[in-house]
Amino acid sequence: MLDALYVARKAGLSGNAASWKVECALIEHLETIWDQPDDGIWEVRGGRKHFTHSKVMAWVAFDRMIRSAEEFGLDGPVAHWRDVREVIHRQVCKEGFDRAQNCFVQSYGVSALDASLLLLPIVGFLPPSDPRIRGTLAAIERNLLRDGFVLRYHTSAGTDGLPPGEGVFLACSFWLADNYILQERYEDAQKLFKRLLSLRNDVGLLAEEYDPCAKRQLGNFPQAFSHLALINTAHNLISANGTAHLRSDRDRGPTETP
């Protein structure tokens, strides 16, 4: 939410004092809960964990508050927010990164991968050129691809407390294309994007998942998550001002070296 409000300001949408007060209240609350385990982006039923993506999004919230204050002259304890942002960043780089695999992992202390890790460079947590990001992308390509599309995670690991087995997740596959763009692998990005477009039904709609074996769409239909990801990837492919480029902030280096 705080990222969306920051992007809205960057796009020139006018804000007001009341919205900034709400944002300050949200970040004040987040400071009290960010270090607690949660159910993750996928709302899994396998028990609360310290999900890497969740911690990164807490970092994003503080980062966007800092940027909003600095870029738009809004009032707030910026120095304190910087301190919290740095604490989160260091924790994620220490606890959420598996040196043996050279990649970030689904949650602290595990070896499992998760497609949500593809969002790390997109939201600007680390630059696309960082070796840890490159290693994470390579690990996901090795372990989470099915017929060239991306699984959310391996359901056989029991992470979500549900019976194993699901289709590839279409939004995650678009995130992979976004990563290819950030890595300047444009041909790979275009090829994957075209394959994803070919999955649409006769009126151009996508579901939540796709079964590469049965060649049919699965899950919630139509799925807004899939269409939003499609729009973002299309924008990224045709414009250097696409969401992946804007949020990745290529000119800013990591706050912690490998």
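The lining of the largest cavity has four nonpolar, five polar and one charged residues. That is the starting point for this walk through a predicted model. The residues concerned are Gly40, Ile41, Trp42, Val44, Phe51, His53, Ser54, Gln106, Asp114 and Ser116. The volume of this largest cavity is about 50 Å³. With a threshold of 30 Å³ or more, the count is one cavity.

Glu43 sits in the loop between α2 and α3. Its phi is near 55°, a positive value in a residue other than glycine. Is Glu43 buried or exposed? Its relative accessibility is 61%, and exposed means over 50%, so Glu43 counts as exposed. Another residue shows a positive phi. Glu184 has a phi of about 65°, although Glu184 is not a glycine. Its place is the loop between α7 and α8.

Now turn to the largest pocket. Its volume is about 940 Å³. Of the 35 residues in its lining, Met1, Asp3, His53, Met57 and Val60 are the closest to the centre. Which helix gives the most to the pocket lining? It is α3, with seven residues. Several helices supply at least two residues each. They are α1 (2-10), α2 (17-33), α3 (52-72), α5 (119-122), α7 (170-182), α9 and α10 (243-248). By class, the pocket lining divides into 22 nonpolar, seven polar and six charged residues.

Helix α9 also takes part in a helix pair. Its partner is α8. Helix α8 covers residues 186-197, and α9 covers residues 224-238. Their axes come within 11 Å and cross at roughly 145°. The crossing is left-handed. Which residues meet here? From α8 come Ala189, Gln190, Phe193 and Leu197. From α9 come Leu230, Thr233, Ala234 and Leu237. The residues of this contact divide into six nonpolar, two polar and no charged.

Look next at the loop between β7 (216-218) and α9. Pro222 is found in this loop. The peptide bond from Phe221 to Pro222 is cis. Its omega is near -15°.

The last stop is Cys103. This residue is in strand β2, which spans residues 103-104. Why does Cys103 count as buried? Its relative accessible area is 0%, and buried means under 20%, so Cys103 falls in the buried class. What does Cys103 touch, leaving aside its neighbours within four places in sequence? Its contacts are Gly96, Phe97, Asp98, Leu113, Arg132, Gly135, Thr136 and Ala139. Pro131 gives a further distance to check in the model. Cys103 and Pro131 are 28 residues apart in sequence. In space, they are 8.8 Å apart, C-alpha to C-alpha.

To recap, α3 gives seven residues to the lining of the largest pocket. Helix α9 supplies at least two residues to that lining, and α9 also crosses α8 at roughly 145°. Glu43 is exposed, whereas Cys103 is buried.

Methods: Residues numbered from 1 in each chain as written. Predicted model: local features only at pLDDT ≥ 70, side-chain atom pairs only at ≥ 80, totals over all residues. Heavy atoms only, no water. 1 Å grid on protein atoms, 1.4 Å probe; cavity = no way out; pocket = protein on both sides within 12 Å on 5 of 7 lines; lining within 4 Å. Points joined across faces, edges and corners; volume = space filled by probe spheres on them. Nonpolar A, V, L, I, M, F, W, Y, C, P; charged D, E, K, R; others polar. Axes fitted to C-alpha atoms, helices over the stretch in contact; angles between N-to-C directions. Helix = DSSP H or I, 4+ residues; strand = E, 2+ residues; numbered from the N terminus. Left-handed = near helix turned anticlockwise from the far one by under 90°. Contact = heavy atoms within 4.5 Å. Buried < 20%, exposed > 50% of the residue type's maximum accessible area, 1.4 Å probe, protein only.
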